[in-house]
Amino acid sequence: MSFAPDQRRTIGRTGLAVSQLGFGAAPFGNLLADVPDHATHAAVDAALAAGINYFDTAPFYGHGLSEHRLGEALRGHARERYVVSTKVGRLLKPQLQHSRSLGPFSTTLPFDIVYDYSYDGAMRSVEDSLQRLGMARIDIVYIHDMTPKWQGDLLEQRYVQSMAGAYKALAELRAAGTIGAIGVGINDVGILERYASDGDFDCFMLAGRYTLLDTSALGALLPICVRKRISIVLAAPYNSGILASGAVPGAVYWYAPAPPDILARVGRIETLCKRYGISLQAAATQFPLAHPAIASVAAGYRSPAEVATALAACSAVVPAEFWKEMRVDGIVDVDAPLPN
């Protein structure tokens with residue numbers, strides 16, 4: 001079994017069709033390390049040449065830098081060749097002082113982050129993103145990072161604001177055709193279940209919760225999404241690194257050193273991969289694509305070489321026997337659909 005990276009899957013009930021392999025542009029915001037401008041252009045060109053048409057960004061990534069870079073890299077290509085998503089929930093305010101928090105980004109543009117999930121805030125955010133991207137329309141817009149990690153004690157207050165404000169704004173923009181689809185982008189399964197119940201969403205960007213190491217979305221969320229025709233874009237398919245690097249010294253799981261149990265589990269997967277002559281990244285890329293709710297698997301890329309590696313992982317032939325053995329060994333959840 002293998003997957004064609006350029007094969008399209010439809011987003012919810014919309015007419016948007018995205019490639020099974022998506023392109024996350026968080027690294028364009030200098031996530032963890034600086035990325036040169038020429039590399040971002042080359043990576044986008046390589047992706048488009050291979051048939052990847054889905055690109056995701058956000059105001060948060062590099063405090064506007066990712067949107068600027070992605071827009072510049074796409075500008076020389078026909079608009080119908082790509083689908084772009086971005087996010088709302090954070091506004092960027094100019095800051096001339098050197099007291100800005102860079103978060104996970106090594107360098108950023110000179111803006112501070114201000115959380116705003118209101119109606120006016122979402123409208124302003126979309127308008128600002130259109131200008132940073134240099135585009136007349138955005139295909140998908142997600143409500144971003146409504147989780148305890150980012151919202152703390154204000155989570156409930158901001159959730160309510162996001163439904164009364166940002167959701168209403170995005171629904172209006174969808175009805176007007178300014179955006180093609182609306183969704184939510186977080187890594188919290190329970191909160192996505194709540195959004196699925198409270199609103200009419202086309203898609204969710206789920207980070208890292210349906211992978212070879214974490215299938216927590218399998219319980220209630222994915223069946224809800226299948227039933228309501230809410231597509232899932234799976235971000236962070238390698239759980240921030242270890243499912244691409246393997247159980248090597250310094251391996252990262254959820255942006256922290258991988259604990260012993262995770263290292264051991266990845267080691268077991270690697271042993272099976274070697275037996276069948278496939279890469280760990282191929283198994284990690286293809287596993288989520290077997291679920292009917294998943295429209296695209298989107299990892300972050302910072303160079304043509306990384307794009308090429310992902311393309312090879314997606315299109316590699318993985319024997320059905322490999323997946324059966326993964327199931328028998330208890331590595332893959334018994335209820336998870338397997339590629340076949």
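A residue counts as buried under 20% relative accessible area, as exposed over 50%, and as partly exposed in between. The legends below use these words for a predicted model.

**View 1. Ala-4, in the segment before strand S1.** Strand S1 covers residues 8–10, and Ala-4 lies in the segment that precedes this strand. The relative accessibility of Ala-4 is 31%, so this residue counts as partly exposed. Ala-4 and Pro-259 are 255 residues apart along the chain, and their C-alpha atoms are separated by 33 Å.

**View 2. Helix H2 and what covers it.** Helix H2 runs over residues 65–74. Of its 10 residues, 8 are buried, so the helix is largely enclosed by the rest of the structure. The buried residues are Leu-65, Ser-66, Glu-67, Arg-69, Leu-70, Gly-71, Ala-73 and Leu-74. Their cover includes two helices, H1 (37–49) and H3 (119–133). It also includes two strands, S4 (54–56) and S5 (83–88).

**View 3. The crossing of helices H5 and H6.** Helix H5 spans residues 155–176 and helix H6 spans residues 189–198. Their axes come within 12 Å and cross at roughly 35 degrees. The crossing of H5 and H6 is right-handed. On the H5 side, the residues in contact are Leu-155, Glu-156, Tyr-159, Ser-162 and Met-163. On the H6 side, they are Ile-191, Arg-194, Tyr-195 and Asp-198. By class, the contact of H5 with H6 has 5 nonpolar, 1 polar and 3 charged residues.

**View 4. The largest pocket.** The volume of the largest pocket is about 1200 Å³. It is lined by 41 residues, of which Ala-26, Leu-31, Ala-236, Ser-240 and Tyr-255 are the closest to its centre. By class, the lining of this pocket has 24 nonpolar, 11 polar and 6 charged residues. Helices H4 (148–151), H8 (242–245) and H11 (304–315) each supply at least two residues of the lining. Strands S9 (179–186), S10 (203–207) and S14 (294–300) likewise each supply at least two. The largest share, 3 residues, comes from S14.

**View 5. The loop between strand S11 and helix H8.** Ala-236 is found in the loop between strand S11 (231–235) and H8. Ser-240 lies in the loop between S11 and H8 as well. Ala-236 is not a glycine, yet has a positive phi of about 50 degrees. Ser-240, also not a glycine, has a positive phi of about 70 degrees. With a relative accessible area of 24%, Ser-240 is partly exposed. Both Ala-236 and Ser-240 are among the lining residues closest to the centre of the largest pocket.

**View 6. The largest cavity.** Rolling a probe the size of a water molecule over the atoms shows where empty space is left. The count comes to 1 cavity of 30 Å³ or more. About 30 Å³ of space lies in the largest cavity. Its lining is made up of Pro-59, Phe-60, Lys-87, Val-88, Gly-89, Arg-90 and His-144. By class, the lining of the largest cavity has 3 nonpolar, 2 polar and 2 charged residues.

Definitions and conventions
Residues numbered from 1 in each chain as written. Predicted model: local features only at pLDDT ≥ 70, side-chain atom pairs only at ≥ 80, totals over all residues. Heavy atoms only, no water. Axes fitted to C-alpha atoms, helices over the stretch in contact; angles between N-to-C directions. Helix = DSSP H or I, 4+ residues; strand = E, 2+ residues; numbered from the N terminus. Left-handed = near helix turned anticlockwise from the far one by under 90°. Contact = heavy atoms within 4.5 Å. Nonpolar A, V, L, I, M, F, W, Y, C, P; charged D, E, K, R; others polar. Buried < 20%, exposed > 50% of the residue type's maximum accessible area, 1.4 Å probe, protein only. 1 Å grid on protein atoms, 1.4 Å probe; cavity = no way out; pocket = protein on both sides within 12 Å on 5 of 7 lines; lining within 4 Å. Points joined across faces, edges and corners; volume = space filled by probe spheres on them.
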